[in-house]
Amino acid sequence: MARTLYGKLWDTHVVAEADGKALLYIDRHLLHEVSTPQSFEALREDGLTVRRPETQLAVADHSVPTHDRDKPIDDRQAAAQVALLERNCAAFGIEYLPLAGNDQGIVHVIGPELGFTLPGITLVCGDSHTSTHGAFGALAFGIGASECGTVMATQTLWQARARTMRVTFTGRLAPGVSAKDMALAFIGEVGASGAVGHAVEYAGEAVAALSMEGRMTLCNMTIEAGARTGLVAPDETTFAYLRDRPRAPRGEQWDAAVAFWRTLASDADAAFDREIVIAADGIAPHVTFGTSPDQVVPLGTVLPADARFDRALHYMDLRPGDAMEGVPIDHAFIGSCTNGRLEDLRAAAAVIRGRHVADGVRALVVPGSMRVKAAAEAEGLDRLFVAAGFEWREPGCSLCVAMNDDRLPPGARCASTSNRNFEGRQGAGARTHLMSPAMVAAAALAGRIVDVRQVAR
Amino acid sequence: MTPVRIVEGRAIPLGRKNIDTDVIIPAHYLKTISRVGLGRGAFETIRAEPGNLFDEPQFARAPILIAGDNFGCGSSREHAAWAMLDMGITAVIAPSYSDIFSGNAVKNGIVPVVLPQAAVDRLLEVARDHPITVDLESCTVTTPFQDRFAFEMDPFRRECLLGGLDEVGMTMAQGARIDAYERGAAADRPWLSAA
């Protein structure tokens, strides 16, 4: 019977079945400091050990500071949490990538860049944006702390099989439009709960044309439509990205792996529970106006008059009929597991071209990992950003989750490459507009939201 | 985990849609390394609003919360379930949940009841002044006014809640099958053996 990519990944990992659920084998687990203290505590309470420590990899990213990393962490709680992760990993035999090391970074940036993330695997992490890794054709999804403990102890999870949704992007993106805009267009179309219970596979010419970075951005945002899993079938772009990565297979193992990975595509006649088609060539840059990622408009339109948005517009201090172009901003953030990779930094840098951040705007660039930071510095991007008035920081989740001291004051308005515009997400009372890295750079320079397609000319 | 069969008492008629886990427990509380004590940060931004429902004396330690569509969307933080449990909430009634939140809820003995919006609207009205009963044995929600709403729940989750079962225990029982799977996978996909 014809199978979808999701179906193939699922079937390959079923250990047992009961009551309509499957016990799914988990190949890889990424751990961070915030969602695992209680998981390790539960292991200790139950007297359990980690079944296959070599399949787990830990790094601190959520609460770490993005400045003065040569000094001890100021925030006592954050310092204790990071130290505890390191101690827990040592006690249970799990590899920990040190904060001061060359491989530290956001879990969803370092997994792929180290080749820890591979096609055809199941990968979990106590973070909802684990959907990112689906860009490689891996069945990847976010879990809670209890499940992190279960995976450590048993290498498995009881899961219900998801329904399937295929989102086909026809045609090619126009210049100035990116994977972030594709993601926001999709979320705007189906809504914040539109894909709940589904595994989403992205397909079509525009998806095939995306780099791995772009595919990661797209899969990353899948959770904002309610689906825990986003997928892109692996292809030559995937293999070229992974070849020679530190933890990717080598030699004969590589050849065997690629041969298997080539089978990981939905069969031509596979049926999906839901199909959505979006014309990629018609997508304009998108900007969120509200407090949920599905409250989003393409540039060139005005905010709708709809009572459902009253609360959000009140919080955002906007009105029906307003255009997003021209809305003044006082903060700009480039980074996160959504848009903190080298390609994202290059896209933002390309917009700057000798110009300077507008007066009154505080702009931050937070590379997604130490490797991204080193690569960007090798290209001189750090100097370019700093000359333009951006702050160049150390890797971490930073202003996307605002758990460290990168936090906005009440009433601040931020153009942000992150993934959530929830009330208070970047600081109590702060307002977030989600958009692409190029759009954020353009907004930082202008001091207001502008159409990057006009700035870039 | 404590088994749960019936949750009975006052229900906070919140009603709002897309209550995300940042609203349930803001990120700055996630620096804790414990599962207890998070109730003080639960729904912090809503509780800061004057005249909010959480401050009304009849809803103090209410065991039920009624919300709109897509409850618990956003972050996977299990702290959201721990914070609600710490407040005394052991059942939620909503038209839909985020997949990750409902899983986390069940693992902590919180019953995520799914009912259609019309039923939720009726319960929001009743809950202002009257108690509500969630019965997991019969899978119904009832009111003192003869309202009776049947709900469906995944049998696996229902068994876990009724029996107070934790997933690690149920999974450990499958040890021999996990061993067998690993032997097969190591032969089929040898490049995964050395991570």
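Accessible areas here come from the Shrake-Rupley method with a 1.4 Å probe. I note at the outset that the model is predicted.

**Chain B, surface and burial.** I looked up the accessible surface of chain B, which comes to about 7700 Å². Carbon and sulfur atoms hold 53% of that surface. I then checked burial and found that 58% of the 195 residues of chain B count as buried, the cut-off being under 20% relative accessible area.

**Chain B, fold and extent.** I recorded eight helices and eight strands in chain B. Its C-alpha trace spans about 60 × 40 × 25 Å along the principal axes. Among contacts in chain B with a separation of 6 or more, I found that 68% link residues 24 or more positions apart.

**Chain B, charge.** I listed 19 positive and 25 negative side chains in chain B. The centres of these two sets lie 3 Å apart.

**Chain B, annotation.** In an unreviewed UniProt entry I found the annotation "domain: Aconitase A/isopropylmalate dehydratase small subunit swivel", covering residues 4–117 of chain B. Over residues 4–117 of chain B I noted 24% helix and 16% strand, with 25 Å between the end C-alpha atoms.

**Chain A, strand pairing.** I turned to strand β16 (residues 362–365) of chain A, which runs parallel to strand β15 (residues 331–334) of chain A and is joined to it by four bridges. Which residues pair with A:V365? I found A:I334 opposite A:V365, and A:W392 as the bridge partner of A:V365 in β17(A).

How values were computed:
Residues are numbered from 1 along each chain as its sequence is written. Chains are lettered from A and ligands numbered from 1 in the order in which they are written. This is a predicted model: local features need pLDDT of at least 70, side-chain atom pairs count only at pLDDT 80 or more; totals for chains, interfaces and linings use all residues. Side-chain values use heavy atoms; hydrogens and water are left out. Helices (H or I, at least four residues) and strands (E, at least two) are DSSP runs, numbered from the N terminus. Buried means under 20% relative accessible area, exposed over 50%, partly exposed in between (1.4 Å probe, protein chains only). Contact means heavy atoms within 4.5 Å. Lys and Arg count as positive and Asp and Glu as negative; His and the chain ends are not counted. The place of a charge is taken as NZ of Lys, CZ of Arg, CG of Asp or CD of Glu. UniProt positions are given in the numbering used here, feature names are shortened, and annotations may be inferred rather than shown by experiment. Two strands pair if DSSP finds at least two bridges between them.
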